[in-house]
Amino acid sequence: MIKTIFSLMLVFFTLSFGFGQDKSQQLNEIIKEWAAPNHFPDHVILSATSDPARSIAINWRTHADNKVGYVQIAPAGPGPDFRENSKTHTAKRTLINSANATPDGFESSFFEVQIESLSPNTLYAYRVGNDDFKSEWHQFTTANDQTAPLSFLYVGDAQNFILELWSRVIRNAYKKAPEADFFIHAGDLVNNAHDESEWNEWFDAGGFIHSEIPAIAVPGNHEYRSMDSNTPKGERVLSMQWNAQFGLPNNGPEELLETCYFIDYPDLKVIGLNSNRDIELQAGWLKKVLEENDKKWTVVTYHHPVFSASRGRDNEELRKHWKPIFDQYGVDLALQGHDHSYARGAVYENPIAVDNITEEKYVVGPVYVVSVSGGKMYSLSESGWGEFGATKEKTGERTQLFQHITIDENRLIYKSFTATGEMFDRFELEKTKGKNRFID
Ligand SMILES: [Fe+2]
C-alpha cells in the first residue's frame, strides 16, 4: 500500500513539475512578446539637453527591421494646419540585441534625434517614425531663456512593481503638475538593468508623460548588471538600453556619457551624477563645473544618499568626496534614492535653532532628500544623519511618493506628495544675505 501511494505521488509530482515548467516557459514567451517592439514606434521619450531653451532630444524604439527613422517637428497650432510647417530631422539608429544579457532579450532599433535651434518658451508638436509607421503628434514646451518661474518633478526608485504600482505615482505626479519643465528619475528605474519587460513596464506606466515632459535620469546600482545572463557574477555594466533610449547631455567625463552631466536653465543648474563608479573622478569634474557656475540655484541628483535613511546602507565615499564640494559651492538641493524609504534634512548653521520656531534657520550646503516611488519598501534607520552633523527632519516608511519643486526668483518651494495625492512633506528655501534660509 505504502509503495502504491509513493508511486502515485511520484507520478503526480513528475506531471505537475513538467506541466509547471511548460507553463512558466509559455508565460515567459508571452511576456517577451508583450515587451517586444513592432513596426510602430514605442518608448517615445524626451530627454533634457544641456540647453533646454533651444534644443531637445527625442528617442524611440521599433522592430529591428526598421532601419530609417525621423522626427517631424513644428510650432504647435490650434488646428491641424501646423503640420504644413513641420521640418524633418533624420535620426541616428542604434541596433541593440539584448538576447545574451537577459532571458527576455531581443533585437531592436533605437532611434535618437537631437534638435537644435528651437525657440525658447514655445509649444512644439512632433511625431516620430518612418514613411510607413508614425507615432501620434506629441506636444512639449521648450524652456524659458529668461528668468521665469520654473517647476519640476522628482521621484526615487521606481524599480519594483513598476507597472503594477509605480504607474499611479507617475500619473498622479503628472496630474498635479502637468506644466512641469522636466522630470527627475534618481536611479533604479528598473530592477534588472537589461531586462526588456521591466523597461517596457517603465514606458507603459509613464505612457505619453515620457513623450511630453523631458526626462533627467541618472543610473542606480540596478542599472548595472552583468551582460551575460549565464554568468551573473561577471562585470556589471550599464543597462544596454540606457544610452540608446535617452538623449541626455554628453558634457561630463568621457567614461560616463549620459550618466554624469549638467543642464542649464536661466536660474538653475541641474547636475546629474553617477554614484555607482568613478566617485573621485566626478569630484574633480564637479568642482570645475561649480567653479564656473553662475546660476542662482543648483540641484544635484544621483542615486546613493550622502546621509542614508535605511539600515546598513551608508555611503562614506560620497560624504568624503562630494559633500565638501556641495558645501563649498553652495549646492541647494540633493535629490537621491536607493533606500526605499523617505528622509529629508540638512546640516544647519545652528542646529539648536532647528527646534526653536522663533529663531531663523539657515542651511549649510544642500537640503538632502531620499525618496521612493515604486513598491519595494525598507525600514528606516535611526542613524545615518546625526553622527555626521546633519539633522533629519522628516521621515516616512512604506509610502510611495513623488515630489514637485518650484523655483521662483529667490524662493524654492518643495512639496512631497503620496501616491494618493496628499501632501506628505513641505518646506521652502529663501536666498537672503548670501545664504539659504529654511522655512518650514
Ligand atoms: Fe538602489
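Let us begin with the largest nonpolar core of this predicted model. The core holds 108 residues, and those that touch the most other members are Leu153, Phe183, Ile184, Ile216 and Ala334. Which residues does Ile184 touch, once residues up to four places away in sequence are set aside? They are Phe152, Leu153, Tyr154, Ile216, Thr301 and Leu335. Two of these partners, Leu153 and Ile216, also stand in the list of core residues that touch the most other members.

I turn now to the chain as a whole. The chain contains eight helices and 24 strands. Its radius of gyration is 23 Å, close to the 22 Å that the globule rule gives for 440 residues, so the chain is as compact as a globular protein of that length. The C-alpha trace spans about 85 × 70 × 40 Å along its principal axes. Of the 440 residues, 46% are buried. If we take the contacts with a separation of 6 or more, 71% of them are between residues 24 or more positions apart.

A word on confidence. The average pLDDT of the chain is 93, and 93% of the residues score at least 70. Over residues 10-17, however, the pLDDT is below 50, and this stretch has zero contacts in the model beyond near neighbours in sequence. Where pLDDT is low, the predicted coordinates should not be read in detail.

Next, strand S19, which covers residues 361-370. Is this strand enclosed or open to the outside? Eight of its ten residues are buried, so strand S19 is largely enclosed by the rest of the structure. As a reminder, strands of a sheet pair through backbone hydrogen bonds, either parallel or antiparallel. Strand S17, residues 333-336, pairs with S19 in the parallel sense over four bridges. In this pairing Ala334, which we met in the core, stands opposite Tyr368 of S19. Strand S18, residues 342-348, runs antiparallel to S19 and is joined to it by six bridges. Here Ala343 stands opposite Val370 of S19. Strand S24, residues 435-439, also runs antiparallel to S19, with three bridges between them. One of the pairs is Lys361 with its bridge partner Phe438 in S24.

Between S17 and S18 lies a loop that contains His340. His340 has a positive phi of about 55°, although it is not a glycine. Most residues other than glycine have a negative phi, and most peptide bonds are trans. His340 is buried, with 26 other C-beta atoms within 10 Å.

How many C-beta neighbours does Gly156 have inside 10 Å? It has 33, so Gly156 counts as buried. Beyond residues up to four places away in sequence, Gly156 touches Ala186, Gly337, Val370, Ser371, Val372 and Ser373. Val370 is the residue of S19 that stands opposite Ala343. Gly156 and Ile216 are 60 residues apart in sequence, and their C-alpha atoms are 12 Å apart in space. Phe161 belongs to the loop between S9 and H2 as well. Phe161 has a positive phi of about 55° although it is not a glycine. Is Phe161 buried or partly exposed? With 16 C-beta neighbours inside 10 Å, Phe161 counts as partly exposed.

Let us move to helix H3, residues 196-206. Ten of its eleven residues are buried, so helix H3 is largely enclosed by the rest of the structure. Among the buried residues are Trp199, Trp202, Phe203 and Ala205, together with Glu196, Glu198 and Glu201. Just after H3, Gly207 takes a positive phi of about 50°.

Finally, an open sheet of four strands, in the order S4-S3-S7-S8, with antiparallel pairing.

How values were computed
Residues are numbered from 1 along each chain as its sequence is written. This is a predicted model: local features need pLDDT of at least 70, side-chain atom pairs count only at pLDDT 80 or more; totals for chains, interfaces and linings use all residues. Two strands pair if DSSP finds at least two bridges between them. Helices (H or I, at least four residues) and strands (E, at least two) are DSSP runs, numbered from the N terminus. A residue is buried if 20 or more other C-beta atoms lie within 10 Å of its own, exposed if 12 or fewer, and partly exposed in between; C-beta atoms are placed from the backbone. A nonpolar core is a set of buried Ala, Val, Leu, Ile, Met, Phe, Trp, Tyr and Cys residues joined through C-beta atoms within 7 Å. Two residues are in contact if their C-beta atoms, placed from the backbone, lie within 7 Å. pLDDT is the predictor's confidence in each residue, from 0 to 100. The radius of gyration is taken over C-alpha atoms; the globule rule is 2.2 Å times the number of residues to the power 0.38.
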